[in-house]
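This report walks through one model, from a loop residue to the cores. Keep the sequence and the structure open while reading.

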Amino acid sequence: MDAPKALDSDAVRWSRRGQGWQLALQGDWRGCALPLPEPPVPGPGAGESVVLDSQDLSGWDRNAAPRLWALLAPLRRGGAVLDLSALPEALRAPLELALPAPGSAVEAVPEHVDDGGILGKLRAGWEDALQTAAFVGEVVLALSRLLRGKAAMRASDYFRQLDLVGPMSLPIVSLTCFLIGLMLAYMGGAQLERIGAQSFIADVVTVGMVRELAGLMTGVILAGRVGAAFAAQLGSMRANEEIDALRALGIDPIDYLVLPRLLAMLTMAPLLIAYAALVGVLAGLPPVVGIYGVPAWEYLHECEQAMTWTHLWIGLFKGTMYIGLVALAGCREGLHAGRDAQSVGAATTTAVVKGLLWIVVAASASTVLFQSLGF
Amino acid sequence: MEPAGIPEPLVRVVGLTMAFGGELVQRDLDFEIRRDEVFAIVGASGCGKSTLLRHLIGLQEPAAGRVLYGEHDLHRADEETLASLRRRFGVMFQAGALWSSMTVGENIMLPLRLFTAQPLALRERLARWKLALVGLEGAFDLEPAELSGGMRKRAAIARALALDPELLYLDEPSSGLDPFSAARLDGLILNLRRNLGTTVVMVSHSMDSVFAVADRVLYLDHVEKTMTALGAPRVLAETGPERVRAFLHRRSQP
């Protein structure tokens with residue numbers, strides 16, 4: 001893997017000197033950072049002296065000490081006796097500081113952990129899935145404790161989370177779903193106009209928004225806005241040992257931290273989805289009236305006709321499921337984050353990615369399920 | 001009956017072996033923590049001091065061995081016993097670990113609210129009293145982020161004292177503090193022991209602090225991966241094994 005290194009082979013000259021060796025530094029070293037050539041084989045062994053001589057060194061700069069160090073450190077470890085006294089002081093002092101003690105080994109550093117290739121990644125993925133399953137199980141247990149009145153959840157935490165999840169998400173939900181409704185009406189209208197069926201735009205917009213898009217868009221928005229925040233909050237609490245402090249008191253972090261967040265999400269989900277659907281349907285009005293010439297009352301009447309209870313409850317059910325998954329992904333990643341700042345960032349990213357992934361999987365599965373059940 | 005002169009043990013650690021991710025951390029630890037002593041755990045970085053603390057408070061499961069509070073095994077106790085055991089000790093984590101979403105006062109009141117049936121006014125009075133014990137009367141309404149490092153640690157001690165534990169675990173009380181704050185914290189530890197009769201177990205890197213406050217020192221060796229010395233700091237500094245003496249004298253390892 002190493003490319004053959006260019007060597008500065010004229011910079012040093014080895015010669016025997018009595019029982020030991022002499023290493024003469026020669027020429028102008030300025031501006032050169034190439035490695036020095038290896039010592040001759042067999043070179044200076046344990047106990048043999050190496051005298052450095054810099055008489056023929058006409059110039060040197062800050063690269064000189066590291067170059068010499070790379071050459072001399074293995075010799076010093078091998079037990080050679082280095083005599084640096086003839087070197088210029090500004091070169092000798094840093095070298096003496098950096099050179100290892102005679103005969104010492106390189107201090108052991110922890111080995112880099114290999115991720116084990118594809119098999120290792122598969123195993124990591126499997127362990128991740130097991131951890132998620134265990135987490136979901138713990139959440140279910142915590143919910144049952146809550147129903148029996150034994151969970152250590154603070155009502156004030158729940159209300160604070162309600163505020164964060166619901167009202168504070170309204171502006172972005174409004175904007176997104178308004179534009180989605182607008183596009184749906186505009187594009188749907190362009191197709192229906194060709195067969196003169198403009199009055200059915202209302203059906204497209206209503207069914208699309210209520211049954212699928214309101215829940216999906218709200219889920220996506222909350223994954224970015226709230227799921228990420230959950231992961232960041234819990235992750236930094238973990239890094240800061242705040243979660244350990246809870247556990248040391250015997251407070252279950254699932255009860256105390258996950259339940260208020262999950263319940264706040266599940267409480268707010270249907271309200272946000274219903275609101276999102278309403279905004280989307282109303283957003284269809286301007287293009288339908290302005291571009292396709294359908295009277296406003298006819299559009300609204302057709303909307304009302306298209307909106308059945310089946311569409312409504314399927315839309316609310318699916319959207320609430322997405323949002324519950326987003327909350328679980330955020331809390332799961334936060335609680336299992338590593339203990340440093342970088343891991344908190346990674347947990348936040350993973351929470352969003354997982355949240356979106358779970359939404360897509362749940363959306364496909366539920367769409368197929370409801371279709372095959374005939375709803 | 002305990003023989004006179006030797007205080008009864010509060011915690012007994014029997015054959016404790018700790019592992020982390022399949023790697024042995026420390027093996028065969030046998031010691032006891034006596035009532036009314038200040039017990040210091042020392043050793044080189046990475047030798048497993050904080051891990052031992054996490055075992056003593058039940059946050060980590062031992063690979064082998066037991067941690068006994070009286071006759072109860074902390075890691076095998078049922079929920080009810082465990083809850084009563086946990087009320088016997090308070091913990092100060094390294095950076096304080098105050099819950100950042102609450103004020104300092106709420107931090108101290110939370111254990112009171114969860115584990116006692118006291119009315120709010122009484123809880124608040126108790127929390128202010130605990131803060132006064134650590135010299136932080138004015139911090140009741142502050143957010144943890146508004147406190148300095150030393151104040152955060154003292155507030156964390158106040159929270160650890162919330163339920164009047166007989167045993168206080170401190171994880172590196174003087175790390176990251178200037179010498180004055182560290183000395184102040186040492187004084188606080190001695191005062192708590194003297195005035196409240198609290199037994200203190202602390203993990204420490206600071207030999208100044210160990211010599212100033214500790215009655216006994218447990219040395220965890222990073223090479224042998226077990227305890228190699230236990231005794232009064234001054235005695236170990238003179239007559240302990242070579243590495244322990246070097247460590248206590250803050251010389252580099254031989």
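## Basis

Helices (H or I, at least four residues) and strands (E, at least two) are DSSP runs, numbered from the N terminus. This is a predicted model: local features need pLDDT of at least 70, side-chain atom pairs count only at pLDDT 80 or more, and totals for chains, interfaces and linings use all residues. Residues are numbered from 1 along each chain as its sequence is written, while chains are lettered from A and ligands numbered from 1 in the order in which they are written.

A:Arg148 sits in the loop between helix H3 (117-147) and helix H4 (155-165) of chain A. Is A:Arg148 buried or exposed? A:Arg148 is exposed, because 8 other C-beta atoms lie within 10 Å. The cut-offs are 20 or more such atoms for buried, 12 or fewer for exposed, and partly exposed in between, with C-beta atoms placed from the backbone. A:Ser174 is 26 residues from A:Arg148 along the chain, and their C-alpha atoms are 38 Å apart.

Chain A has domain 1 (12-98) and domain 2 (134-373); the bounds come from an automatic or database domain assignment. Their C-alpha centres are separated by 68 Å.

## Where the chains meet

Contact means C-beta atoms, placed from the backbone, within 7 Å. By this criterion, 14 residues of chain B are in contact with 11 residues of chain A. On the chain B side, helix H2 (79-86) and helix H3 (104-115) each give two or more residues. H2(B) gives the most, with three residues.

## The sheet of chain B

Six strands of chain B form an open sheet of mixed pairing, in the order S6-S7-S8-S3-S9-S10. Pairing requires at least two DSSP bridges between two strands. Strand S6 (89-92) and strand S10 (227-231) each have a single partner strand, so one side of each lacks a neighbour in the sheet.

S6(B) and strand S7 (residues 167-171) of chain B run parallel over four bridges. Here B:Met92 stands opposite B:Leu170 in S7(B).

## Nonpolar cores

A nonpolar core is a set of buried Ala, Val, Leu, Ile, Met, Phe, Trp, Tyr and Cys residues joined through C-beta atoms within 7 Å. The largest holds 147 residues; A:Val326 and B:Tyr169 touch the most other members. Leaving out residues up to four places away in sequence, A:Val326 touches residues including A:Gly219, A:Leu222, A:Val226 and A:Ile359. Another core, of 17 residues, lies apart from the largest one and includes A:Trp21 and A:Leu72.

Methods: Two residues are in contact if their C-beta atoms, placed from the backbone, lie within 7 Å.
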